[in-house]
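Good morning, colleagues. Please have the sequence and the model before you while I speak.

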Amino acid sequence: MRTIFLFLVVLMLQTGCSQENKTKMPIVDFKQEMLDNAILVDVRTPEEFSAGHLENAENINWYDDDFSDRFKTVDKNKTIYLYCKMGGRSAKAQEKLKSLGFTNVVNLEGGYDAVKANN
């Protein structure tokens, strides 16, 4: 009985950790293959975006008044990967999208600066 209890506790901990990891990941771990059923959104300004961005990223500026409206046509169950310069704006955008009912929003931590530093 004790073994079963320990097994269930370990299983619950692993499940909880894996769900937590789905909300964030280091941007340097992101792979283009992850976009098979997902979208990649750069929430930086158009000027920052034009200076360099990840392949296949769509630019939706966090500071634009129509930020939320730009997601109206996106399936709320689709995975959305977000990034910005360092991670602050994408974290705010993630919270905003969650409040709008999106269920699979992943903040790519470290932002574009981490990508540049890794190259």
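Predicted model: local features only at pLDDT ≥ 70, side-chain atom pairs only at ≥ 80, totals over all residues.

Residues are numbered from 1 along each chain as its sequence is written, and side-chain values use heavy atoms, with hydrogens and water left out.

Let us begin with the sheet. Helices and strands here are DSSP runs, numbered from the N terminus, with at least four residues (H or I) for a helix and at least two (E) for a strand. Five strands make up an open sheet, ordered β1-β5-β4-β2-β3, with parallel pairing. At the edges are β1 (24-26) and β3 (57-59), each of which pairs on one side only. From one strand to the next, the twist averages 30°; the axes behind that angle are lines fitted to C-alpha atoms, for helices over the stretch in contact, and angles run from 0 to 180 degrees between N-to-C directions. Two strands are taken as paired if DSSP finds at least two bridges between them.

I turn to strand β2. How many of the five residues of β2 are buried? Burial means under 20% relative accessible area, exposed means over 50%, and partly exposed lies in between, with a 1.4 Å probe and protein chains only. Five of the five residues of β2 (residues 38-42) are buried, so the strand is largely enclosed by the rest of the structure. Ala38, Leu40 and Asp42 are buried on one side, and Ile39 and Val41 on the other, so that both faces are covered. On its β4 side, β2 pairs in the parallel sense over five bridges, and Leu40 has Tyr81 as its bridge partner in β4. Three bridges join β2 to β3, again running parallel, and here Leu40 stands opposite Ala57.

Next, helix α4. Gly111, Tyr112 and Val115 of this helix are buried. Seen down the helix axis, the buried residues fall within an arc of 155°, so they line one face of α4; the arc is that of the directions from the helix axis to the C-beta atoms. These buried residues pack against β4 and β5, where contact means heavy atoms within 4.5 Å.

The salt bridges come next. A salt bridge is a side-chain nitrogen of Lys or Arg within 4 Å of a carboxyl oxygen of Asp or Glu, and a search of the whole structure finds seven. In one of them, Glu58 and Arg70 meet at 3.7 Å, N to O. Glu58 lies in strand β3 and Arg70 in the loop between β3 and β4 (79-83), so the pair ties together parts that are twelve residues apart in sequence. Glu58 is partly exposed at 39% relative accessibility, as is Arg70 at 33%.

Lys72 and Asp69 form another salt bridge, with their closest N and O atoms 3.4 Å apart. Lys72 is exposed at 66%, whereas Asp69 is partly exposed at 43%.

Which residue forms a salt bridge with Lys85? The partner is Asp113, the closest N and O atoms being 3.0 Å apart. This pair links distant parts of the chain, with Lys85 in the loop between β4 and α3 (88-99) and Asp113 in helix α4 (residues 111-118), 28 residues apart. Lys85, Asp113 and Lys116 are linked in a network of salt bridges. Lys85 is partly exposed at 35%, and Asp113 is partly exposed at 23%.

Finally, the aromatic rings. Rings of Phe, Tyr and Trp (its six-membered ring) pair if their centres lie within 6.5 Å; planes under 30 degrees apart count as stacked, over 60 as edge-to-face and the rest as tilted. The count comes to five aromatic pairs. Among them, Trp62 and Phe67 are edge-to-face, at 5.0 Å centre to centre and 75° between the planes. Phe67 and Phe71 form a tilted pair, at 5.2 Å and 55°. Trp62 is partly exposed at 21%, whereas Phe67 is buried at 3% and Phe71 is buried at 2%. Ring pairs link Trp62, Phe67, Phe71 and Phe102 into a cluster.
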